[in-house]
Amino acid sequence: MKCKAKILNLVFHRIFLRESDVEDIYDCSLDFFNDLLKEVIKQMKSSTCNYSDFRIYFDDGHESFLELVYPHLTSKLKNRTTLAIITNKVGNKEYISKGNILMFSNKGIKISSHSTSHPGMAVCTEQFLRPTPRGGKYENVETTLSVLLKEEEVRYQLKESKKFLEQIAAPVDEFVFPYGIYNSDIIRLNYQFSYYKYLSTCDEYLDCGEYIRPRILVTSDKSVSETLQKIMSLKEIDKIKLLTKYE
Ligand SMILES: [Zn+2]
């Protein structure tokens, strides 16, 4: 399977001004973010680079994007930026507001859904992805990773978050799976109801424009050079490994 434009999708969460304030491996300092971005741009210009462009994702809709990242983004970088929003968190303390979302969208930043309440949309036990049970109630659920959502609960997360965001910003064509977890039933439901054009994961390979979109989760327990090494070793074959992982 060959593709011409291979895109590197990088996922960030909260950004902190000081390294000492970083609480979680999914968060990083502004210096770490800037250094990694500089290296990614530098690598992209080299002839041996395995990707031709990149996107930067900020998952969950934290306020730190507004305060620390956005003021320094060039127009070119804004066009490469996606915010994955948990719609029930919009306007909460430490999260961005509806007004912020509208402003970002007007400036060329892409707005994607990251569900209404950030549940694990599927459950994986002992390397086995459990199928989504039929039925259930069309309502919001507040859970983390251990409760298996039923079909109607999955549909609520997909549809209501999209509706919320489209009342503020441009059409929303991408859903980012909370915790990166999904199963084939959810993919089928999305297809059946035509909710989203892209379903984004945390599967680690390069993006050739498919409807299941791979993204690389950046963690600050690795240094910038270790992260870069990982990025530069991504190959198309990694995708095959992932697709067979849960079988
Ligand atoms: Zn998330």
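I started at Ser 194, which is found in the loop between H6 and strand E10 (198-200). Helices (H or I, at least four residues) and strands (E, at least two) are DSSP runs, numbered from the N terminus. Before going on, I noted that this is a predicted model, where local features need pLDDT of at least 70, side-chain atom pairs count only at pLDDT 80 or more, and totals for chains, interfaces and linings use all residues. Residues are numbered from 1 along each chain as its sequence is written, and side-chain values use heavy atoms, with hydrogens and water left out.

**Entry: phi**

Most residues other than glycine have a negative phi. I looked up Ser 194 and found a positive phi, near 50 degrees. Is Ser 194 buried or exposed? Ser 194 is exposed, with a relative accessible area of 60%; I take buried as under 20% relative accessible area, exposed as over 50%, and partly exposed as in between (1.4 Å probe, protein chains only).

Asp 60 also went on my list, with a positive phi of about 90 degrees, though it is not a glycine. Asp 60 sits in strand E4 (residues 53-60) and counts as buried at 12% relative accessibility.

**Entry: zinc**

Which residues hold the zinc ion? I found Asp 60 (OD), His 114 (NE2) and His 118 (NE2) coordinating it, at 2.1 to 2.2 Å. Donors here are N, O and S atoms within 2.8 Å of the metal (3.2 Å for Na, K and Ca); water is not among the atoms, so sites may look incomplete. Along the chain, the zinc donors are spaced D-x53-H-x3-H. I checked burial too: His 114 is buried at 1% relative accessible area, and His 118 counts as buried at 14%.

**Entry: H5 and H6**

The axes of H5 (residues 151-166) and H6 (residues 184-193) come within 11 Å and cross at roughly 60 degrees. Axes are lines fitted to C-alpha atoms, for helices over the stretch in contact, and angles run from 0 to 180 degrees between N-to-C directions. H5 and H6 are therefore oblique to each other: angles under 35 degrees count as roughly parallel, over 145 as roughly antiparallel, 65 to 115 as roughly perpendicular and the rest as oblique. For the contact (heavy atoms within 4.5 Å), I listed Glu 151, Val 154 and Arg 155 of H5 against Ile 186, Arg 188, Leu 189 and Phe 193 of H6.

**Entry: H1 and H7**

Axes of H1 (residues 30-44) and H7 (residues 224-232) come within 10 Å and cross at roughly 35 degrees. Residues meeting here include Phe 32 and Leu 36 in H1, and Leu 228 and Ile 231 in H7.
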